[in-house]
Amino acid sequence: MHIPDAFIPLWQSAIYWIVALIFIALALRWAKNELSEDKIPLIAVLAAGIFAIQAFNLPVAMGTSGHLVGGALAAIVLGSPYAAVFILTLVLIIQGIIFGDGGITTMGVNILNMGVIGGFVGYYGYTGLKSAGANIYLSAGIAAWCACFVASLAAAVEMAVAGTFPLVPGLIAMGTYHAAIGIIEGIITGAIIYFLVTSRPDLLAEEVQQPSAGGVSA
Amino acid sequence: MIEHLGTIEQDAHRDSPVHRLDARVKIVIAFAAIIAMVAVPYSTLVIPLFAGYLLVYAVWWGLSRLPLSTLLWRYLLTLPFGLFIIIFQIFFENPYYDTFTPLFALPLGITVYVQSVEFASILAMKFTACIIWIILLSSTTPMEELLKGGRRLGLPSVMALSLGMMIRYLFVFADMFANINRALALRHFAAFDRALPYRYRLTTLAYAIGSLFLRSYEQGERTYICMQCRGYGKRTYEALPKRPVPSRQLGVVAVMLAIFVALPVMLYIAPF
């Protein structure tokens, strides 16, 4: 769902860029206050890791393939939606400028969809479901699915506003495709969280009370 | 995508008049080309403009001494999502037109309109005209130079530092990604092998991705500690030596900017 250059008129792109910049500034402030600004290298290296993670081709039903976006994953593990905004911004800059995936004028809208919408839906979906009593892996999975699905709907709406793709067919096409891809994103994210909890429980310190002691009701 | 990183970077480290230009010059030219093309409204004006862009671009690509196959290969890599949108255009009535003439009708009541085909072509041209400049930029400028150029053009130092760290480790993780895939293949694991149970494939992939996540996180922790040991602080990337752009290169920028403004204006005043 990387919207390329020329698919959104310049003035609309500018608006999305401004909104994205506000969130990037908020993410930098989060990094300063919560992480201490010095710790930014850690996030930057993790962003490189997320970039590599996106390269894994995952089998989706009926022979199609998809890949992880990873925004929800980053937000859940680092405990803030701004982590996703920060990491996806870095990833999208590299994708846009080095690989030509996405664009320059549309980078703002892409950061908005995948970083901001994906990150916030992923993080608050996760915390919401968890506080409603669901187990953490299921919460993470559903939240990651929602992040992927909602971000794709946003992209469809933005292209409809731009006049480059009609609203209803766009919502149906983008929605169904990403609802399917999102299932993989959800399953894999849930399984990664499980893997992280068993191998580095301190990473998710707030969420888990020692799974080995049987604290998690699975 | 990361698997092509090495190839792109190798191209960027070659030598040619375009490679030798200051990174700032190329960044400004590429961004100006893209913004100018995006700013042109969706109209038939795009068609001659696209031809003009291709002519100008041919000179640049020729000067870069990179093979044409590189351009085509990199163009194909960026296509999927854009192509999907462009192809499906032809089945819809577009808000940029008032009247629609059916070109031909397909079963199930689907009609292809002349105007929609026209719009799809215009979109494809605009898309292509933008993407080729990104390809030129990244195929002739090493990432480190791009970053320094960006920093000199006023990219905030926090972003420059983060991107710099990320770029260095991208290559580490590209190798790691290749290693993991090789290790999986050695054990006869294939993500798309129907003979393996779906659940098993997903679990294996999830754990492989999870371990990559963990390794990058731990690499981040180690790097952070090592940097602190060497006196890293918030203002590390501030000390970039000043380097003025040579006046001849400034001339190149001026000429290119003039072309990107003049082309659409001329075509608007005197259409072909």
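The questions and answers below concern a predicted model. Residues are numbered from 1 along each chain as its sequence is written, and chains are lettered from A in the order in which they are written. Local features need pLDDT of at least 70 and side-chain atom pairs count only at pLDDT 80 or more, whereas totals for chains, interfaces and linings use all residues.

Me: Which pattern does chain A follow along the sequence?
Reply: Helices (H or I, at least four residues) and strands (E, at least two) are DSSP runs, numbered from the N terminus. Chain A has seven helices and two strands. Read along the sequence, the pattern is α-α-β-β-α-α-α-α-α.

Me: Is H2(A) parallel or oblique to H8(B)?
Reply: The axes, lines fitted to C-alpha atoms over the stretch in contact, with angles running from 0 to 180 degrees between N-to-C directions, come within 7 Å and cross at roughly 40° for helix H2 (residues 40-53) of chain A and helix H8 (residues 157-186) of chain B. Angles under 35 degrees count as roughly parallel, over 145 as roughly antiparallel, 65 to 115 as roughly perpendicular and the rest as oblique. H2(A) is therefore oblique to H8(B).

Me: How many nonpolar residues are in the contact of H2(A) with H8(B)?
Reply: Contact requires C-beta atoms, placed from the backbone, within 7 Å. Residues that meet include Ile40(A) and Phe51(A) in H2(A) and Leu161(B) and Phe177(B) in H8(B). Ala, Val, Leu, Ile, Met, Phe, Trp, Tyr, Cys and Pro count as nonpolar, Asp, Glu, Lys and Arg as charged, and the others, Gly among them, as polar. The contact has no charged residues, two polar and 19 nonpolar.

Me: Which helix gives the most to the side of domain 1 of chain B that touches domain 2 of chain B?
Reply: An automatic or database domain assignment sets the bounds, with domain 1 at 2-152 + 243-269 and domain 2 at 157-238 in chain B. Nine residues of domain 1 of chain B are in contact with eleven of domain 2 of chain B. On the domain 1 side, the elements giving two or more residues are helix H1 (5-12) and helix H7 (143-152) of chain B. The most, five residues, comes from H7(B).

Me: Is Ala6(A) buried or exposed?
Reply: Ala6(A), in the segment before helix H1 (10-35) of chain A, has a positive phi of about 80° although it is not a glycine. A residue is buried with 20 or more other C-beta atoms within 10 Å of its own, exposed with 12 or fewer, and partly exposed in between, with C-beta atoms placed from the backbone. Because Ala6(A) has 30 C-beta neighbours inside 10 Å, it counts as buried.

Notes
Contact = placed C-beta atoms within 7 Å.
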